[in-house]
Amino acid sequence: MDNIMSKLRSLDAYPKINEDFYSRTLSGGLITLVSSIVMFLLFFSELRLYLHAVTDTTLVVDTSRGETLRINFDVTFPALPCSILSLDAMDISGEQHLDVKHDIIKKRLDTHGNVIEERQDGIGSPKIEKPLQKHGGRLEHNETYCGSCYGAETSDEECCNNCEDVREAYRKKGWALSNPDVIDQCKREGFLQRIKDEEGEGCNIYGFIEVNKVAGNFHFAPGKSFHQSGVHVHDLLAFQKDSFNVSHKITRLSFGDYFPGVVNPLDNVKWTQETPSGMYQYFIKVVPTVYTDVSGHTIQSNQFSVTEHFRNAEIGHLQSLPGVFFFYDLSPIKVTYKEEHTSFLHFLTNVCAIIGGIFTVSGILDSFIYHGQRAIKKKMEIEG
């Protein structure tokens with residue numbers, strides 16, 4: 001037994017020195033004090049990092065298919081009335097959403113930006129007192145109302161019972177509605193009067209649209225959109241104006257849900273139009289992003305970068321459609337953010353490295369100062 005204890009004693013890497021041989025110095029005390037303070041500061045810094053989650057970022061190829069992209073927006077047009085402002089979306093797959101009305105809200109604004117009225121969309125309910133029937137006569141008692149589409153019907157049974165129905169029938173035909181006052185439905189509903197009443201007003205439009213996860217564009221523009229000879233155009237003749245001011249402020253624009261740390265570069269961006277008319281374009285690169293928090297909850301979202309361009313139009317010739325256009329393309333690379341805590345063993349390793357490193361460095365410094373002082377003292381004694 002004594003032999004085993006003796007062998008264990010010989011393995012001691014920390015041999016003890018009798019206190020009678022200790023020599024304590026002022027420099028050693030100062031070094032000990034400073035190194036202890038540094039050691040505690042680094043320890044608490046490491047402890048704070050350990051208690052807070054760190055975010056690991058990786059890049060992977062986006063292999064997702066068949067998903068949709070949610071675009072959230074809140075845009076204000078101080079010089080475009082709500083009655084003439086429309087939203088369209090289309091993508092390279094050929095899918096189109098023209099004159100979108102669902103999931104969006106419009107607010108009429110006065111010249112000072114105050115809200116006059118908030119509504120979903122459209123120009124109100126039609127007034128059906130004695131409207132003109134499809135057969136040419138006025139609506140009689142106990143007769144079902146069926147308004148004419150003025151040549152834009154796709155079948156004999158089709159009815160256009162309000163101004164919006166007529167405009168939609170014209171859009172499907174690719175026709176422009178040049179004079180709404182000759183349309184009975186529009187005249188009864190006061191379509192042009194509504195536009196005149198809102199002249200000088202602005203419009204705040206907000207909500208969201210769901211589109212295919214492919215490259216495409218969405219835009220805010222005056223007039224009802226339709227296709228003519230394969231070209232996307234807007235019916236602007238009904239508004240009897242040569243120019244449209246598309247000055248705007250983007251309060252919010254995002255692709256997907258919010259996640260911590262996301263920066264949307266178009267939030268609170270404002271642009272004022274100096275020329276009579278033109279097209280303002282945003283070219284957006286969307287980067288799919290997956291954020292996983294420390295509890296394992298995953299958020300599928302997107303980030304984006306953007307460049308801007310304004311395309312001027314000649315007065316009276318509207319060669320470029322007036323409006324604000326957002327052209328977006330998707331990156332093939334997906335960014336993943338994952339929050340996680342540092343492991344306890346990693347924390348322990350760093351703490352040991354801090355303590356051991358400072359202890360060693362302070363020991364070397366103390367030894368250097370101590371032996372330096374002794375050498376200087378000996379030299380002075382020899383010279384003396």
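**Helix α6 and its partner**

I started with the buried residues of α6 and looked up what they pack against: the partner is α2 (26-51). I am working on a predicted model here, so every value below is computed from it. Which residues of α6 are buried? I noted F347, V351, I354, I358 and S362.

I then checked the length of α6, which runs over residues 344-383. With 40 residues at 1.5 Å a residue, the helix should span 58 Å, and its end C-alpha atoms are 58 Å apart, so expectation and model agree.

**The largest nonpolar core**

Next I turned to the largest nonpolar core, which has 36 residues. Which of them touch the most other members? My list reads F218, F220, L253, F255, I284 and F326. I also asked which elements give two or more residues to this core, and found β2 (68-77), β3 (85-91), β7 (202-212), β8 (216-222), β11 (248-255), β12 (269-271), β13 (278-292) and β15 (323-330). The largest share comes from β2, with five residues.

Leaving out residues up to four places away in sequence, I found F255 touching L69, R70, I71, F218, I284, V286, S301, N302, F304 and Y328.

**Salt bridges**

How many salt bridges does a search of the whole structure find? I got five.

I looked at D62 and K334 to begin with: they form a salt bridge, with the closest N and O atoms 3.6 Å apart. D62 sits in the loop between β1 (54-61) and β2, while K334 is in strand β16 (residues 333-340), so this pair ties together parts that are 272 residues apart in sequence. Buried or exposed? D62 has 17% relative accessibility and counts as buried; K334, at 16%, counts as buried too. For both I used the cut-off of under 20% relative accessible area. I also found that D62 and K334 belong to a network of salt bridges that links them with E67 and K213.

My next pair was R108 and E201, whose closest N and O atoms are 2.7 Å apart in their salt bridge. R108 lies in strand β5 (residues 104-109) and E201 in the loop between α5 (191-197) and β7, so the bridge ties together parts 93 residues apart in sequence. Both R108 and E201 are buried.

Then I went to D329 and K285, where the side chains meet in a salt bridge at 3.4 Å, N to O. Here strand meets strand: D329 is in β15 and K285 in β13, so the pair ties together parts 44 residues apart in sequence. I looked up accessibility again and found D329 partly exposed at 35%. K285 is likewise partly exposed, at 35% relative accessibility.

Which residues make the nonpolar surface patch of about 460 Å²? I wrote down M1, I4, M5 and L8. M5 lies in helix α1 (residues 2-10), and I noted M5 as partly exposed, with a relative accessible area of 39%.

Terms used. Residues are numbered from 1 along each chain as its sequence is written. This is a predicted model: local features need pLDDT of at least 70, side-chain atom pairs count only at pLDDT 80 or more; totals for chains, interfaces and linings use all residues. Side-chain values use heavy atoms; hydrogens and water are left out. A nonpolar core is a set of buried Ala, Val, Leu, Ile, Met, Phe, Trp, Tyr and Cys residues joined through side-chain atoms within 4.5 Å. Buried means under 20% relative accessible area, exposed over 50%, partly exposed in between (1.4 Å probe, protein chains only). Helices (H or I, at least four residues) and strands (E, at least two) are DSSP runs, numbered from the N terminus. Contact means heavy atoms within 4.5 Å. The expected span of a helix is 1.5 Å times one less than its number of residues. Patches are made of residues with over 30% relative accessible area and no salt bridge: like charges are joined within 9 Å, nonpolar side chains (Val, Leu, Ile, Met, Phe, Trp, Tyr) within 5 Å. Accessible areas come from the Shrake-Rupley method with a 1.4 Å probe; for residues, only the protein chains shown count as cover. A salt bridge is a side-chain nitrogen of Lys or Arg within 4 Å of a carboxyl oxygen of Asp or Glu.
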